[in-house]
Amino acid sequence: MGCCGSSLLRKSITEDKVHQRKSQTYGNNSNVIPPANGGDTGGVGPGGVPAFAEFSLADLKAATNNFSPDFIVSESGEKAPNVVYKGRLQNQNNRRWIAVKKFTKLAWPDPKQFVDEAWGVGQLRHKWLANLIGYCCDGDERLLVAEYMPNDTLAKHLFHWENQTIEWAMRLRVALYIAEALDYCSSEGRPLYHDLNAYRVLFDESGDPRLSCFGLMKNSRDGKSYSTNLAYTPPEYLRNGRVTPESVTFSFGTVLLDLLSGKHIPPSHALDMIRGKNILHLMDSHLEGNFSNEEATVVFDLASRCLQYEPRERPNTKDLVETLAPLQNKPEVPSHVMLGIQKHEEAPPTPQHPLSPMGDACSRMDLTAIHQILVMTHYKDDEGTNELSFQEWTQQMRDMLEARKRGDVAFRDKDSKTAIECYSQFIDVGTMVSPTVYARRSLCHLLCDQPDAALRDAMQAQYVYPDWSTAFYMQAVALAKLDMHKDAADMLNEAAALEEKKQRGGRGPS
């Protein structure tokens, strides 16, 4: 967000982001992230997903160290000559990590077809997709840019694990989330997914499973839609070489088999065992019996229906979701806990503007240092925010100022609870507004581990004084405490920019 935006608009946007974070959904009880609008590589849409954009070849070369072999993503599931690289954009406020899929020059000979297809996939936004955020079509170069998923693939966690195998509840979660992603794509007119397999399921920074967006692109000239063993290929594709929605369901059935067995099992062999009621012999022995026989039976039955020879006998994506949703358990346990991994959180990026002592303290979330700065600053930033007439100096006014004075004493002594009570008395009267009081009460809420209340006060301080960098800094700290690190980094940069502008003598927006 630019610093020239209105404070009321910012308040609305920030409060909405907090609601999104707390509800763990996008929109109204939905998994859908509204499509991000905007035309540059720095735009960020709802849900933190960047706007779909065109990238320059120079940007992507810089991000991947000139497509260095060291940046090739292992376990990507991509077959040569199409390769996926990990990269980091160098011209962004948050220096976002990205995944770049690089095709050979003959993969998409028609540049218009490539761009049209990329734009079509790029309009999809869902929390269980590794969303497509851009493309590059420069000469013979054809590249796709997607959100980077740092915690490996389902194949890695199922077949090549080192510390622990995936527990049963997490396997059920993976199945449901991927089914929901496929159902969303189908509802948006993108029902075809090419070569769905355990390598196409990726895990994000929170350990949640996401479906790679690359499989949504139409088949290119130099590759087959199904590059895996023929035993796992939909029979109708072997007959006519065409991918249909029913083909996707067949492939989803093979992923269910992977989740159940922990290994690759030819569908025909699995179907024979399921018909023979030998499903326990198919279960992953590494689960050591820690699963529900009833739930496993339901999933095996679903896999069996997905793998039917006749496409018309297979369930659709809504059936998949409706069957898997009731099986979910441990909804309160985060995915990274069930995977046995550390939640991947990057340190806040280096700001583009130099940081003042206040900015530095906020970037480190050093509440003690912030407290010392606010004590020393006192109320000098409030100058000009109140113009009171002689008639307003009533007994009520004196009482209000006395409440603020008591709050200041408590604040200086780090008695946060008392300071909150006294500052609230001052604020509730409403005769005089003070951004400093809001900032101080915001810090007190942070010291009391109340980041939601701290964010509200920091936003109110900005509403009173739209150009005050301290209000932005306090919002940054509160957002970081709410685990909204990208928003916190943006707010930190904006606060630093306001400080720099003030030092140059510029006036901010009113």
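Guide: Happy to, and keep in mind that this is a predicted model. In the hairpin of β5 and β6, G139 takes a positive phi near 65°.

Visitor: How many residues sit between the strands of that hairpin?

Guide: There are two residues between β5 and β6. The two strands pair in the antiparallel sense, over six bridges. For a spot to look at, find G134, which stands opposite V145 in β6.

Visitor: What sheet are they part of, and in what order do the strands come?

Guide: They belong to an open sheet of five strands, ordered β1-β5-β6-β3-β2, and the pairing is mixed. β1 (53–54) and β2 (83–88) stand at the edges with a single partner strand each, so one side of each has no neighbour in the sheet.

Visitor: Which helix packs on the sheet?

Guide: Helix α3, residues 111–122, packs there and touches β5 (132–138) and β6. The direction of α3 makes about 170° with that of β5.

Visitor: And how do β1 and β5 run, parallel or antiparallel?

Guide: Those two run parallel, joined by two bridges. E54 has Y135 in β5 as its bridge partner.

Visitor: What about β3 and β6, parallel or antiparallel?

Guide: Antiparallel: five bridges join β3 (residues 97–102) to β6 (residues 141–147). K102 stands opposite L143 in β6.

Visitor: Is F52 buried or exposed?

Guide: F52 counts as buried, at 2% relative accessibility.

Visitor: Which aromatic cluster does F52 belong to?

Guide: F52, F103, W108, F114, W119 and Y135 form one aromatic cluster.

Visitor: What about F67 and Y85, how are their rings arranged?

Guide: That aromatic pair is edge-to-face, 5.3 Å centre to centre with 65° between the planes. F67 lies in the loop between α2 (57–63) and β2, and Y85 is in strand β2, so the pair ties together parts that are 18 residues apart in sequence. F67 is buried with a relative accessible area of 11%, and Y85 is buried with 9%.

Visitor: Which charged end sits over the ring of F67?

Guide: The charged end of K102 does, 5.3 Å from the ring centre. In another such arrangement, K86 lies over the face of W97, at 4.2 Å from the ring centre.

Visitor: Let's zoom out. How many helices and strands are there in the protein?

Guide: The protein has 20 helices and eight strands. Of its 510 residues, 52% are buried.

Visitor: And what does the accessible surface come to?

Guide: It comes to about 23600 Å², with 49% of that belonging to carbon and sulfur atoms. As for contacts between residues at least 6 apart in sequence, 65% join residues at least 24 apart.

Notes: Residues numbered from 1 in each chain as written. Predicted model: local features only at pLDDT ≥ 70, side-chain atom pairs only at ≥ 80, totals over all residues. Heavy atoms only, no water. Pairing = 2+ DSSP bridges. Helix = DSSP H or I, 4+ residues; strand = E, 2+ residues; numbered from the N terminus. Contact = heavy atoms within 4.5 Å. Axes fitted to C-alpha atoms, helices over the stretch in contact; angles between N-to-C directions. Buried < 20%, exposed > 50% of the residue type's maximum accessible area, 1.4 Å probe, protein only. Phe/Tyr/Trp six-rings, centres within 6.5 Å; stacked < 30°, edge-to-face > 60°. Lys NZ or Arg CZ within 6 Å of the ring centre and 35° of its normal. Areas by Shrake-Rupley, 256 points an atom, 1.4 Å probe, with all protein chains shown as cover.
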